[in-house]
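Here are some notes to read alongside the structure. Have it open as you go through the points.

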Amino acid sequence: ARSVFGFGVVSQGSVRMASSRSAKGESKGVYGVSKRSKEITATASLDVSDSPLITDESFKAVLAGCASLTSLSIAGCSQLTDDSIKAISGCALLTSLDVSGCGLVSDEALQTIAKVCVLTSVNVSGCRNLTDEAIKAIASCSLRSLNVAYCGNFLTDESIKAVAASCPSLTSLNVADCKFLTDESIKAIATSCGSLNSLDVSRCKNLTDESIKALAAGCTSLTFLNVRNCEKLTDEAMKAVATLTELTSLRIFGCRKLTDESIKALAGCATLTTLDTTNTLRQIFKASRSVA
């Protein structure tokens, strides 16, 4: 891959930033970008993730020459502010956006992007300052994939109900550690998002069996489900999960109310190949499978 001022062209139409530092620890790789950003104008995919030293000035200089972008990742670029995020709205063709770990991102910036870009995939995990207003704005784009994990400081059912209402083609949702979510929002997803195949609700400790029963009934194409540390779940939830005919991966570690009955029920789930639980319950699972 050749280098374009700290950016490696990894494939036709795709650019990955090669973050580097001088002997003095100063950021290299963004020096001179503003002068020759035209060299990457034709790129459709730009990945500058894990570049904590990149600044608003250098990022906007690159972005100014990338109007045709369809995919952008700035995950872990912790110095970028709303100035950079708002500038993304200049990429009207953008469909995939990853700003995970960009802790300075605000509702206003995402609302600005949502007005222009027709997004289908958004990852804002770890952006802890976001509220329901930001999620409702991006949900209006009719997403297929959304990750709001660890955005639990302010997000409520209002966000996820908006996603359910606006994103009927949603296939992947991660709301891990969104501590204010209740059965109300997950049942809304189960009712409206029948194409969902991947769901992470780990550490959503208000969820009960009602959420899981609704998901098993409404999202029959689920292949991945993470309910780790959902402490209110009982065997009834797992009996419902066991009816999912396409489930391949299930994470239930930390669901302390589950008993042998859950594991015996799950043993009958023929497609299940990965079960994340305690060693004791895993042995019961294997034994139940061998008997079956």
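1. To start, which side chains meet in a salt bridge with N to O at 3.7 Å? They are those of Lys-239 and Glu-236. A salt bridge here is a side-chain nitrogen of Lys or Arg within 4 Å of a carboxyl oxygen of Asp or Glu. Lys-239 and Glu-236 are three residues apart in helix α9, so about one helical turn separates them. Lys-239 is partly exposed at 38% relative accessibility, and Glu-236 is partly exposed at 38% too. (Buried means under 20% relative accessible area, exposed over 50%, and partly exposed in between, with a 1.4 Å probe and protein chains only.)

2. Some ground rules before going on. This is a predicted model, where local features need pLDDT of at least 70 and side-chain atom pairs count only at pLDDT 80 or more, while totals for chains, interfaces and linings use all residues. Residues are numbered from 1 along each chain as its sequence is written, and side-chain values use heavy atoms, with hydrogens and water left out. Helices (H or I, at least four residues) and strands (E, at least two) are DSSP runs, numbered from the N terminus.

3. Back to charges: the count comes to eight salt bridges. One of them joins Glu-133 to Lys-136, with the closest N and O atoms 3.1 Å apart. Here again the two residues sit three apart, this time in helix α5, and about one helical turn lies between them. Glu-133 is partly exposed, with a relative accessible area of 38%, and Lys-136 is partly exposed at 26%.

4. Arg-228 is partly exposed, with a relative accessible area of 27%, whereas Asp-276 is buried at 13%.

5. Asp-183 deserves a point of its own. It lies in helix α7 (residues 183-192). Asp-183 is buried yet has no salt bridge, and the nearest side chain of opposite charge, Lys-187, is 5.7 Å away. (Lys and Arg count as positive and Asp and Glu as negative; His and the chain ends are not counted.) What does the side chain of Asp-183 make a polar contact with? The partner is the side chain of Thr-208, at 2.4 Å. A polar contact is a pair of N or O atoms within 3.5 Å; within protein, one must be able to donate a hydrogen and the other to accept it, and residues adjacent in sequence count only if both atoms are side-chain atoms. Leaving aside neighbours within four places in sequence, Asp-183 is in contact (heavy atoms within 4.5 Å) with Asn-206, Leu-207, Thr-208, Glu-210 and Ser-211.

6. In α4 (residues 107-114), the buried residues are Asp-107, Ala-109, Leu-110, Ile-113 and Ala-114. They cover an arc of only 165° around the axis, which puts them on the same side of α4. The arc is that of the directions from the helix axis to the C-beta atoms. Their cover includes α3 (82-87), β5 (96-98) and α5 (132-139). In α8 (residues 209-218), Asp-209, Ser-211, Ile-212, Leu-215 and Ala-216 are buried. Seen down the axis, they fall within an arc of 160°, so they line one face of α8. What covers them includes α7, β9 (198-200) and α9.

7. Where are the most contacts inside the largest nonpolar core? At Ile-74 and Leu-266, in a core of 88 residues. α5 gives the most to this core, with five residues. (Such a core is a set of buried Ala, Val, Leu, Ile, Met, Phe, Trp, Tyr and Cys residues joined through side-chain atoms within 4.5 Å.)

8. Last, a couple of backbone angles to check. Most residues other than glycine have a negative phi. Ser-142 has a positive phi of about 60° although it is not a glycine, and Ser-142 lies in the loop between α5 and β7 (145-147). Asp-177 also has a positive phi, near 65°, and is found in the loop between β8 (172-174) and α7. Ser-142 counts as partly exposed at 32% relative accessibility, while Asp-177 counts as buried at 18%.

Notes. Lys, Arg positive; Asp, Glu negative; His and termini not counted.
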